[in-house]
Amino acid sequence: MYLHKELETLTRTQIENLQLERLKKTVRQCMNSPFYKKRFDDLHLKPEDIRSLDDLYKIPFTTKQDLRDNYPFGLSTVPMEKVVRLHSSSGTTGTPTVILHTQRDLDEWANAVARCLYMVGLRAGDIFQNSSGYGMFTGGLGFQYGAERLGMLTVPAAAGNTKRQIKFITDFGTTALHAIPSYAGRLYEVMAEMGIDPRRDTKLKTLIIGAEPHSEEQRKRIEDMLGVKAYNSFGMSEMCGPGVAFECTEQNGLHIWEDYYIVEIVDPETLEPVPEGEIGELVLTTLSREAMPLLRYRTRDLTRILPGECPCRRHHKRLDRMKGRSDDMMILKGVNIFPIQIENILMQFEELGNDYLITLTNEEANDLMTVEVELKEFVDDYPRLQTLTKEIVRRLKDEILITPVVKLLPKGVIPKQEGKAVRVKDLRKTLI
């Protein structure tokens, strides 16, 4: 049963007092890890030197490379007989990152996800269908246990098999669905092919989306297609998984649960804090982890803290929609570009579908960008397509400051993915 509603509405003073108490405990716990013990010793730093939240800045950053260098269990802070679960990153090359959990860690994770789902109005009596993969990927089990903690009937449909997903939605009366944004669009396309109107033929009312960057335009398009309210979710395996931050019903930023995490936004180059409201790299410190707490973990995600209070009266800080990852940034002709900038423009054209692909190539010393995007419907009108293409190119150039090649494709041409959509292919060759 979900019993943590009072933590949603803590005051700023209560949040910060709880953070300091938990930070001190977390630092002491980290001394059981050979990695953190050596790091503190090298700096002549002791746990008792952390007396205030400002003292957090005395502690060095932790990186994904640190996790890889200490693979698999080098950052564990409990005896292995207390560990009941591990998850690992979905990377297909190189050493994966591994995260360990005790039973208490799993219970707290379930509470955090339940809090997110409760915040958007889900309750016992709702039917929650999870189209996320189960296994090493955290999205499946994370949402599963959070939904169960709230007392909802859960449908662990897992990823893929779209017609079966739709059958479950219609037959079981699914009211809430978890899906990545690109797959939500695919569900709608198949529903249309099957003659199913999601507004008329289903009981869907709530959609949870996350795991891949998406624009506000794409969210609105998904809501219009499926007749739902779509709420943005943020999580990552290193921080347990989903449940780190979540939108409330105001849909104006993701509340990050500060009783579980200390949030920093830093310049990814200088690693200095940026002023509130400015975009930088998200850095997180866990506050309620037994098996593998992480101090000042560099997520590589780019976002900002939204200033001001939320009308929902929750005082946990709000993160803006993720702009992308610092390591996903494309550099063409000296210009920094993120895929989400291109999506923002494409989704504003009602003639275009949901699927697109950005391909980067080079000829001699000249970088080239080609944007292929599917049309929503078949158009047999060359002058109209030519005019549309020119307008898309103009709008993209205004946004990203370079001129891409834009190709309009028939619906269904771009390959569909079972998992996260592939949005960028960098085929550039190193020129010597």
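I began with the lining of the largest cavity, which by class has nine nonpolar, four polar and three charged residues; here Ala, Val, Leu, Ile, Met, Phe, Trp, Tyr, Cys and Pro count as nonpolar, Asp, Glu, Lys and Arg as charged, and the others, Gly among them, as polar. The model is predicted, and local features need pLDDT of at least 70, side-chain atom pairs count only at pLDDT 80 or more, while totals for chains, interfaces and linings use all residues. Residues are numbered from 1 along each chain as its sequence is written, and side-chain values use heavy atoms, with hydrogens and water left out.

**Entry: the cavity.** I noted 16 lining residues, of which Trp109, Met239, Cys240, Tyr260 and Tyr261 lie nearest the centre of the largest cavity. On a 1 Å grid over the protein atoms alone, a cavity is a set of points where a 1.4 Å probe fits but cannot get out, a pocket is an open set with protein on both sides within 12 Å along at least five of seven lines, and lining residues have an atom within 4 Å of a point. The elements giving two or more residues to the lining of the largest cavity are α4 (103-119) and β8 (241-247); helices (H or I, at least four residues) and strands (E, at least two) are DSSP runs, numbered from the N terminus. I recorded about 110 Å³ of space in the largest cavity, where grid points are joined across faces, edges and corners and a volume is the space filled by probe spheres set on the points.

**Entry: the second largest pocket.** I found about 360 Å³ of space in this pocket, and 19 residues line the pocket, with Tyr57, Ile262, Val263, Glu264 and Lys317 nearest its centre. β10 gives the most to this lining, with five residues, and by class the lining has eleven nonpolar, one polar and seven charged residues.

**Entry: α6 and α7.** I looked up how helix α6 (residues 162-172) packs on helix α7 (residues 181-193), and the angle is about 80°, with the axes 10 Å apart; axes are lines fitted to C-alpha atoms, for helices over the stretch in contact, and angles run from 0 to 180 degrees between N-to-C directions. That makes α6 roughly perpendicular to α7, a term used for 65 to 115 degrees. The contact (heavy atoms within 4.5 Å) includes Ile166 and Ile169 of α6 and Leu187 and Val190 of α7.

**Entry: a sheet.** I traced an open sheet of four strands in the order β20-β19-β18-β21, with mixed pairing, where two strands pair if DSSP finds at least two bridges between them.

Technical notes: Angles under 35 degrees count as roughly parallel, over 145 as roughly antiparallel, 65 to 115 as roughly perpendicular and the rest as oblique.
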